[in-house]
Each structure stands twice: as structure tokens, then as C-alpha cells.
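Have the sequence and the 3D view open as you read.

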Amino acid sequence: MQIKNHLNENFTTPAYVIEEDKLRKNCELLVKVGEKSGAKILLALKGFAFSGTMGIVGEYLSGCTCSGLWEAKFAKEFMDKEIHTFSPAFKDNEIDEIIKLSNHLVFNSFNQFRRYKEKAKIKSIGLRVNPEISIAPKEIYNPCGRYSRLGIKIDDFKNEDLGNVDGLHFHALCEESADSLELVLNAFESKFAKYIKKMKWVNFGGGHHITKQGYDVEKLINLCKNFSDKYGVQVYLEPGEAVGWQCGTLVASVVDIIKNEKDIAILDTSSEAHMPDTIIMPYTSEILDAKILSNRNGEKYNELLKDEFAYLLGGNTCLAGDIMGEYAFKDKLKIGQKIVFLDQAHYSIVKNTTFNGIKLPNLMLLTKENKLVMVREFSYEDYSKRN
């Protein structure tokens with residue numbers, strides 16, 4: 001990896017590093033999907049929002065999907081293309097600015113639609129629907145599960161006036177395949193077909209693992225194109241993870257090494273504060289030039305070989321469970337050594353916290369010319385201003 005050439009004593013950790021070449025490769029594939037299917041591809045900021053790369057992503061994608069006022073302002077400031085905004089519930093003191101910023105405004109309930117439709121009708125209005133089917137790795141990521149607050153069910157459409165509605169939006173996937181989209185799309189059509197025919201656009205949401213190796217891109221293209229041709233609508237896709245997939249790392253340093261039955265390396269990062277999905281999903285992050293022996297719960301992945309050295313990696317917070325897992329290295333770790341966690345661009349930067357006063361990782365860009373650029377360096381003031 002190119003980042004290895006920059007890991008000297010002057011490299012300040014913790015830091016996220018986005019590699020421009022890999023980001024562009026993801027975007028090029030997404031553009032191909034758009035060009036061959038006719039679908040418009042938007043970046044879901046909830047998954048990947050890094051100011052230093054928004055101009056790059058904007059060279060390829062049609063705009064951003066936003067979850068409220070601040071994301072809409074971010075999209076305007078750093079990309080300034082199409083802005084589509086959805087929120088589970090818009091607020092009176094924010095709605096006017098959101099309408100001004102947005103091209104599409106998607107309402108989560110008929111209550112919200114009726115409340116704001118007169119103001120919002122100057123833009124394209126959509127409704128988020130619940131197709132009552134979802135494919136997700138965990139229930140916490142299931143937007144169509146029982147008691148879900150996200151989306152309108154078909155039974156609630158009875159006797160509602162859709163005169164100002166231009167589009168429908170559904171989101172029912174998380175890290176899923178084109179086959180999963182087909183299942184959801186069939187359910188969506190079976191329930192909402194008579195309303196789809198009246199629309200100008202339909203948003204297929206996010207959760208499409210398009211840039212993951214093995215994803216059936218051609219099937220996705222055909223699903224989008226066939227749907228668009230059938231109903232005469234503009235199809236939108238809003239990937240987040242697929243944009244940032246495997247294009248960034250989180251670099252940390254070994255601060256101390258202790259022993260308590262096992263060798264334990266304490267790093268200047270935190271699984272909870274900087275890699276929260278390793279706890280929520282959960283998954284175990286791969287590390288450059290190391291292999292996973294077991295996850296944070298002790299479940300084994302691989303066996304330790306005779307010529308390898310095992311270390312339990314832990315964060316520099318007081319949370320007892322701030323553990324990344326146990327890893328095998330070819331050589332003994334040293335204090336000050338750099339540890340590179342792979343695939344830490346999506347759903348990491350956007351979820352960072354300053355729990356326990358731990359420093360926010362710097363944001364860096366490794367350009368296609370192999371130049372390392374500091375985009376944003378955080379300081380104590382970033383912690384003090386929010387507490």
C-alpha cells in the first residue's frame with residue numbers, strides 16, 4: 001500500500017487517510033452503473049462525508065442525499081450539485097432553510113407531508129415508503145422491521161391526496177447484493193405499483209454493496225433500467241459505503257505494551273470512538289501486515305504460527321471493552337510503531353466522538369500523485385466547544 005511509504009516519525013496519529021486512486025476507482029464503477037442504467041447516483045453523506053474528497057466525488061456523482069439541515073449545508077458547501085434531503089421528522093425552525101437548499105424533499109409520514117407541503121411544493125416532493133421487507137445483517141440496521149419508524153406502509157395511503165408528490169423512496173438494504181435488491185423491488189412493486197405509475201422518480205435508497213468484489217453490477221444495471229422503462233420514472237441510487245469502500249485507513253501508534261496473561265498493545269485510537277461499527281455491526285477490522293487471531297469477544301479466526309507474535313490491541317480510553325481484537329505480527333511490536341487499520345473510510349469518520357477526551361483523528365488525503373495532504377487537524381478546542 002502507498003501509505004506505508006509515509007509512515008515515518010513525523011506522521012502524527014491517529015489519522016484517517018483516504019487514498020484518491022481507490023476513491024476514484026469506486027466512483028468510476030458507480031458512474032458506469034449510472035451511464036448504462038440511466039439511474040442517477042448520489043452520495044449518501046450518512047455513510048461517507050469527508051470534505052477533502054467531496055470535490056473528487058462530485059466529478060463523478062450527481063449530488064448528495066442528506067439526513068437533515070447540517071448535511072444539506074455540507075453538501076451545498078463542498079459539492080453544490082443535486083441535494084436530496086430526507087429526515088424521520090423535519091423541524092419547524094429548520095424546514096425553510098432545508099427547502100431552500102434541497103432539490104428533492106422526502107417526507108417520512110403523511111403528518112409531515114401535510115404540515116409542510118405548501119412550503120415544499122416549490123421543490124420536488126417525495127414520500128418514503130415501507131415495503132415491509134428488508135435484508136440487513138442485524139435488526140438494528142433493519143429499517144422495515146416491526147415497529148419501524150421509517151417509511152409509510154401501504155395501508156396508510158388510503159384516502160390520501162398525492163397531488164403534490166413527485167416521487168417515492170424506499171431504503172431496505174444494508175451491505176447487500178443485487179439479488180437482495182430484486183427481492184425488495186418485487187415487494188415494493190407488488191404493494192405500490194398503482195402509485196409508482198403516477199411518479200416522476202423513484203429512489204431505491206442505499207445499502208447496495210456495488211463496489212465490493214463479486215457484486216453483480218450487470219444485474220443492478222438491468223434492474224434499474226427495466227424499472228425505469230416500465231414506469232417511465234427516473235431511478236436514483238444513494239450509496240454511501242460503496243463510495244468509501246476500501247479506500248481509507250485509520251493509522252494509530254503503539255503507546256504502551258503491557259502483559260496480563262497476554263501481550264497487550266495500547267494504541268492512541270479507540271474502537272468505540274473511532275471505529276464504532278466494529279462494536280455495533282460487529283466486525284473485526286483487518287490490519288496491514290498482520291492477521292486476525294480472534295475478535296474482541298475472543299472468537300477465533302486463525303491460529304498463531306511459531307514465528308509470529310500475538311498482541312491484544314486496545315484503545316486509549318477507560319472503557320474496558322475498548323478492544324479491537326487479537327492480531328498476529330511477524331515481528332515484536334515496538335512503542336511508537338504505526339498500526340494501519342484497513343477499510344476505515346465509511347461509517348467511521350462520520351460517527352467519530354470525543355468520548356473520554358480522546359483526540360479526533362486528523363483527516364488526510366493521499367493524492368494520486370502519492371502526496372500526503374493534511375485536510376483537517378483537530379485540537380483541544382474541538383473537544384471543549386462541544387462539551
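Which residues is Asp 268 in contact with, leaving aside its neighbours within four places in sequence? They are Thr 13, Pro 14, Ala 252, Ser 253, Val 255, Asn 316 and Ile 358, where contact means heavy atoms within 4.5 Å. Asp 268 sits in the loop between strand S11 (262-267) and helix H9 (271-274); helices (H or I, at least four residues) and strands (E, at least two) are DSSP runs numbered from the N terminus. Asp 268 counts as buried because its relative accessibility is 15%. The cut-offs: buried is under 20% relative accessible area, exposed is over 50%, and partly exposed is in between, using a 1.4 Å probe and protein chains only. From Asp 268 to His 209 it's 59 residues in sequence and 31 Å in space, C-alpha to C-alpha.

Some ground rules: this is a predicted model, so to speak of local features pLDDT must be at least 70, side-chain atom pairs count only at pLDDT 80 or more, and totals for chains, interfaces and linings use all residues. Residues are numbered from 1 along each chain as its sequence is written, and side-chain values use heavy atoms, with hydrogens and water left out.

**Annotated sites**

An unreviewed UniProt entry puts the feature "binding site" at Glu 241 and Asp 277. UniProt positions follow the numbering used here, feature names are shortened, and annotations may be inferred rather than shown by experiment. The two sites are spread over 37 residues of sequence, yet they cluster in space, with a largest C-alpha distance of 12.1 Å.

Glu 241 lies in helix H8 (residues 241-244) and counts as buried at 11% relative accessibility. Not counting residues up to four places away in sequence, Glu 241 touches Glu 175, His 209, His 346 and Tyr 347. Asp 277 is in helix H10 (residues 277-280) and is buried too, at 9%. Leaving aside neighbours within four places in sequence, Asp 277 has contacts that include Tyr 141, Tyr 283, Tyr 347 and Lys 351.

**Rings**

A pair of aromatic rings is described by the distance of the centres and the angle of the planes. Rings of Phe, Tyr and Trp (its six-membered ring) pair if their centres lie within 6.5 Å; planes under 30 degrees apart are stacked, over 60 edge-to-face, and the rest tilted. By this rule there are 17 aromatic pairs, and two of them are tabulated here.

| Pair | Centre to centre | Angle between planes | Type |
|---|---|---|---|
| Phe 157 and Phe 192 | 5.4 Å | 70° | edge-to-face |
| Tyr 380 and Tyr 383 | 6.3 Å | 50° | tilted |

Phe 157 is buried at 1% relative accessibility, and Phe 192 is buried at 0%. Tyr 380 and Tyr 383 both lie in helix H11 (residues 380-384), 3 residues apart, about one turn. Tyr 380 is exposed at 57%, while Tyr 383 is partly exposed at 32%.
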